[in-house]
Amino acid sequence: MSRGTTFWALSAAIMRGFLRDRAAVFFAVLFPLMFLVLFGAIFSDQDQSKVELIAVGDVALVDDLPAPAREAFDDTFEVTESDDLDAALEEVRKGDADVAVEQRGDTLVAHYTQTEQVKAAITQGTLRAFVDGSNVTASGQPPKYAFEAERVEDDSLSTIQFVTPGLLGWAVAMSAAFGAAATLQGWRQSKLLRRLQLSPVSTRTIVGARVAVTVAIALGQMAIFLGLGSGAFGLALTGSWWMAVPMLVVGTLCFMAIGLLAGAIAKTTEGAVNMANFFVLPMAFLSGSFFPLDAAPAWLRTVSDLLPLKHLNEGMLDVMVRGEGPSAALWPIAILAGFAVVVTLLAAKLFRWETT
Amino acid sequence: MPAIEVIDLVKTYGDLRAVDGVSLEVDEGEFVGVLGPNGAGKTTLLETIEGLRRPDAGTARVLGKDVWPRNPSLLPRIGVQLQASSFFERLTAREQIRTFAALYGASVETADEWLERVGLVDKADTRVEDLSGGQAQRLSIACALVHDPDVLFLDEPTAALDPQARRNLWDLLSGLNESGRTVVLTTHYMDEAEALCDRVAIMDHGRILEVGSPAALVRGLDAPARITVAPGAVGVDAARAMPGVDEAVESVDGVVLTTRTPAQVVARLAEQDRLDGVRVHTGTLEDVFLSLTGREYRA
């Protein structure tokens, strides 16, 4: 009998078991995808919405703006006309409009509420700038200084660029850890581990088949994430994104080890899955899978450096969307491999054949 | 060379001597049952002989080879059915047995043949989780046999089955040692051991108390036979006066005669035309267990 046949037979059996486990497939693929769609939709248009401005009566200062200035004005404000000041003020008070503007002689008066502080600040600053501009025009002197704004957004990370690698890292961590934990516990409970021990199959073949299936699932997750991300949400991968493949493989091993640890400690299959969740979910938050940690306090970022998922996420961000070279993946891969070895040894030490 | 050779085997868990100095020999082609109540140490004994557990003392050899440490050259020659249904999750019956066949290098055709032999062809596409207890046990046994092993170990194959399913399984089990295969099974059912096994090893508290064919064990018991005669067929005093009758008592079923010469007493009853409703009850394995341990058998 060849080792290849038994390896494939075992792999096929495990893969079938996974694909027929609706809950496992849901949590490995659909659940993280829901987050991707959610984040992709929520943050796809992060520009400030326009300030809603009610022009009461004749506001010559605005109406007489020269064409280029008027265009800039319309970029910031959504203008509606009104003749009733009281009604306009009431709308502002209720929050239906952001500002009501009237012109008293040569003075532009803006009525706003402090409820929306950002918009209030934008309104005041912008209106003052337009009044200043009109003053310069009225003086007949050409302006001495000029101002130009250039957006640099395209060089930094848009939301989809940031969330795709992080959510993919979380998805792979979750399915690798759950898969290993549930398999170890389930097979121990049903004595299938014992049964396999009494078959002429080597431990290496059994472990190899389980690892191969989990890695295949991880690569499937990656294909789905990148396909959907670039197809539907404008994800743009950079140069050495392919280095994410070996990184994901090593990351899978690392999280399988964590799952084995959970499976070794827990006494039931449900307990093992819960334990894996207990390890992975807080880690996902602390590793920047859902939101960047730039704003987190320093001590929290130090803690996150001790978590393997942080290094997987950072490494994938570097090569997939930040345009770093292949070598950026080497250090994260080394760290993940180190975690995998240490945690596997720990799990092996804690493993007991009997659950009681 | 015996198929199985166990010498002074000891397996302890903390203070519990689960297997306490067991010696046992099983010949090739024999069907041997290990009989005992729950907690007697049957499963530990079987799993130690299979090579799953490291013995604390003594040795176990199967087909002339030591079973501990794990001996990969021996494993293809033994088949095991563990107490739990050890299946791959969410596979159908056919996928299950084909997977086990692949682990042992047996062909797909052999796997399908075994599915047919255990009567599961119409359940071939049913997932193992949806099989009944009896069907799951038959599949489990088929998986243990798919590579045609020389020695087969079955750990309580009929436990948790209803009486009908147990009987069905007996039909399957009884022919398994034909063609020279050695079968060792554990059970806590007396009738099962009596119906299936060439020899029975009675086990209690980690020790084997007695080994022999069911008939020989009962014969060796030297227990009196009890003959029940229909009510009114014979009076208690008349019965006591009969030659060979040690004791006679009235019971709801009639008069119960205790004798060591049942043939003589039955002949006498026949002479007197008093055979109406006669039942002769000789010793059973339960009586053997009672005489060995001094307590009633409770599975």
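In this predicted model, 20 residues of chain A are in contact with 21 residues of chain B. On the side of chain A that touches chain B, two elements give two or more residues, namely helix 1 (3-19) and helix 8 (192-197) of chain A. Helix 1 of chain A gives the most, with 6 residues. The composition of this side by class is 7 nonpolar, 7 polar and 6 charged residues. For the complex, the predictor reports an ipTM of 0.85 and a pTM of 0.79.

Chain A itself is divided by the domain assignment into domain 1 (8-44 + 158-350) and domain 2 (51-153). The centres of domain 1 and domain 2 of chain A, taken over C-alpha atoms, are separated by 52 Å.

The nonpolar interior may be considered next. In soluble globular proteins, nonpolar side chains tend to be buried together. Here the largest nonpolar core has 151 residues, and it includes residues of both chains: those with the most contacts inside it are Ala177(A), Ala181(A), Ala276(A), Ile97(B) and Val146(B). Helix 7 (residues 159-189) of chain A supplies the largest share of this core, 18 residues. The surroundings of Ala181(A) can be listed in detail: leaving aside neighbours within four places in sequence, Ala181(A) is in contact with Gly259(A), Ala262(A), Gly263(A), Ala272(A), Val273(A), Met275(A) and Ala276(A). Among these partners, Ala276(A) is also one of the residues with the most contacts inside the core. Another core, of 14 residues, lies apart from the largest one and has Val51(A), Val62(A), Ala88(A) and Ala97(A) among its members.

Chain B contains an open sheet of 4 strands in the order 2-1-4-5, with antiparallel pairing. Its edge strands are strand 2 (16-26) and strand 5 (65-66) of chain B, each of which pairs on one side only. Strands of a sheet pair through backbone hydrogen bonds, either parallel or antiparallel. Strand 1 (residues 4-13) of chain B runs antiparallel to strand 2 of chain B, and 8 bridges join the two. Within this pairing, Lys11(B) has Val19(B), in strand 2 of chain B, as its bridge partner.

Finally, the confidence of the prediction for chain B may be examined. The mean pLDDT of chain B is 91, and 100% of its residues reach 70 or more. Within chain B, helix 2 (residues 93-103) has the highest confidence, at a mean of 97, whereas helix 10 (residues 285-293) has the lowest, at 83.

Note on methods: Residues are numbered from 1 along each chain as its sequence is written. Chains are lettered from A and ligands numbered from 1 in the order in which they are written. This is a predicted model: local features need pLDDT of at least 70, side-chain atom pairs count only at pLDDT 80 or more; totals for chains, interfaces and linings use all residues. pLDDT is the predictor's confidence in each residue, from 0 to 100. Two residues are in contact if their C-beta atoms, placed from the backbone, lie within 7 Å. Ala, Val, Leu, Ile, Met, Phe, Trp, Tyr, Cys and Pro count as nonpolar, Asp, Glu, Lys and Arg as charged, and the others, Gly among them, as polar. Two strands pair if DSSP finds at least two bridges between them. A nonpolar core is a set of buried Ala, Val, Leu, Ile, Met, Phe, Trp, Tyr and Cys residues joined through C-beta atoms within 7 Å. A residue is buried if 20 or more other C-beta atoms lie within 10 Å of its own, exposed if 12 or fewer, and partly exposed in between; C-beta atoms are placed from the backbone. Domain bounds come from an automatic or database domain assignment.
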